[in-house]
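Subject: Structure handover

Hello,

Here is the structure for you to look through. Please open it beside this email and follow along.

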Amino acid sequence: MKRYEALAADIEASIRAGTLQTGDRLPSVRQTGERRGVSASTVFQAYYLLEARGLVRARDRSGYYVTGGGVRNAPPEMERTSRPGEGSIALDVSEHVFEILGASMSRKVVPLGSAFPSPLLFPLERLGQMMGSSARALDPWSTVDDMTPGSAALRRQISLRYLADGLQVPVDEIVVTNGAMEALNLCLGAVTRPGDSVIVESPTFYAALQALERQHLQAIEVPTHPREGIELEALAVAIERHKPKACWLMTTFQNPLGSLMPEAKKKALVELLTRHGIPLIEDDVYAELYFGDRRPPPAKAFDTAGLVMHCSSFSKSLAPGYRIGWAAAGGFARQVARQKLSTTLGTSVPTQLALAAYLEQGGFDRHLRKLRQTLAVQQASFTQAVGHFFPPGTRATRPLGGYFLWVELPAEVDALAIHRAALDRGISVAPGPIFSAMHEFRNCLRLNYGHAWNAETEKALRTLGGLVAAAVRPAGSARL
Ligand SMILES: Cc1ncc(COP(=O)(O)O)c(C=O)c1O
């Protein structure tokens, strides 16, 4: 542990123990530095880290204050690994998902069920300027040259970002796509045939289930821990039993759990899959939204056999709606590019060039630092509100990044009924059953904390907590 991490850990422990309380001012940087015998920059780093975790907040010129982020009132953390039913399943989730989420898309609804963070968190004006200047300077031949596998300038920038995180990903491996969703679908198509089985986490992102359904694939749901991701022992058993042709996993800030596989576990995962020659489609769209001190490495960092297809995008971190994603497709890059050529042919060239220019000219890391900090603070506010407004028996995850909370309600509460009642009151939630091929997680909800914390959100969480509390009233009293 580095010095600033040790200092941050001590302060965090004091906050969790209640020695430092909400509203308390942290000692000045100079005082802490003198007391601990460390430099001012070490203290600053520790304070920045605590800030990114949502535990303290800087106030103009007057120092750092304890926010109470996730301190008192937080619901107990979820600990139990999921236990999905065994077997491989032909899917019929898509209609159900459309029906539920379609109703939640209106701007008038408080978007706790949305998969997107607030669009106001992104540098859209600056990106707009880049769009204008890139389009004006467009080399006419780039509209041909920059089709699939994509703009050389953008692929180079993506490769450089991997390099900054210590990963060697050659430009040749990168195929630019229409968002991560296309990358994931192409990778799936590159390594499976209809009727094959694919391993997913339990719960998993409903769009993964929809993609499997569309490609006539069977889902095998594997037990997953809410903090540490898929269980490797259960995965090994499922591999032996079902001989899957691929795994589709979210190793960092999984949707909906927010789980983060520890590095050693990611390495062991890749080793296990390599022994069986099974490709991993790594869905990694949230990795830039970490609250710690560095980006968690993807499983791809441990791939020596070219079996990991790392799929990501700028949709969650920089440019929602621009629909620019990519697959770093390892040994499958050619197949993935061919899939793309025979489906959507290419990705908008002016948009690729605008993003390449933005990445080249800098500012992305500054934007990301601010975004992470905002999300960490919002997580703290939402977590506290869940602890405050939801009835006893509620549990929630406390992810180290991303913008989702997975909330387990008391066992008798039906999340689909809560979803309907909440929607009648202008609030959307994502109910648990849409995250499972077998419609499990009946008493779970995914809540999005990527929208500003304000009086409206607070009221929505109070209403939601009231609905859940009403659903657990003793027999005989009114129910939803
Ligand atoms: C886990 C996961 N993967 C992929 C996507 C899709 O990303 P994109 O918008 O870049 O297609 C999402 C969006 O909600 C997601 O949550």
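How many cavities of 30 Å³ or more are there? The count comes to two. First, some ground rules. This is a predicted model, so local features need pLDDT of at least 70 and side-chain atom pairs count only at pLDDT 80 or more, while totals for chains, interfaces and linings use all residues. Residues are numbered from 1 along each chain as its sequence is written, and side-chain values use heavy atoms, with hydrogens and water left out.

Cavities

A cavity is a set of points, on a 1 Å grid over the protein atoms alone, where a 1.4 Å probe fits but cannot get out. Grid points are joined across faces, edges and corners, and a volume is the space filled by probe spheres set on the points. The largest cavity holds about 180 Å³ of space. It is lined by 18 residues, and R161, E288, R295, S312 and W326 are the closest to its centre. Lining residues have an atom within 4 Å of a point. The elements α7 (152-164) and β11 (308-313) each give two or more residues to this lining.

Helices and strands here are DSSP runs, numbered from the N terminus: helices are H or I with at least four residues, strands are E with at least two.

An enclosed strand

Look at strand β6 (residues 197-202) next. Six of its six residues are buried, so β6 is largely enclosed by the rest of the structure. Buried means under 20% relative accessible area, exposed means over 50%, and partly exposed lies in between (1.4 Å probe, protein chains only).

Which strands pair with β6? Two strands pair if DSSP finds at least two bridges between them. Strand β7 (residues 218-225) runs parallel to β6, joined by six bridges. There, S197 stands opposite Q218. Strand β9 (residues 246-249) also pairs with β6 in the parallel sense, over three bridges. In that pair, I199 stands opposite C247.

β6, helix α9 (residues 206-214) and β7 make a right-handed β-α-β unit. Right-handed means that, with the strands pointing away from the viewer, the path from the first strand over the helix to the second runs clockwise.

An open sheet

Another sheet is open and has four strands, in the order β13-β14-β17-β16, with antiparallel pairing. β13 (395-396) and β16 (430-431) stand at the edges with a single partner strand each, so one side of each has no neighbour in the sheet. Two bridges join β16 to β17 (residues 444-448). A430 has R446 in β17 as its bridge partner.

Helices

Helix α2 (residues 29-36) has two faces to compare. V29, T32 and G33 are buried. Seen down the axis, the buried residues of α2 fall within an arc of 100 degrees, so they line one face of the helix. The arc is that of the directions from the helix axis to the C-beta atoms. R30, E34 and R35 are exposed, on the face turned away from the buried side. Just after α2, G37 takes a positive phi of about 65 degrees.

Is S134 buried or exposed? S134 sits in helix α5 (residues 124-136) and counts as buried, at 10% relative accessibility. S134 touches P350, L353, A354 and A357, leaving aside residues up to four places away in sequence. Contact means heavy atoms within 4.5 Å.

Q384 belongs to helix α14 (residues 364-389). Q384 is partly exposed, with a relative accessible area of 22%.

Best wishes

How values were computed
1 Å grid on protein atoms, 1.4 Å probe; cavity = no way out; pocket = protein on both sides within 12 Å on 5 of 7 lines; lining within 4 Å.
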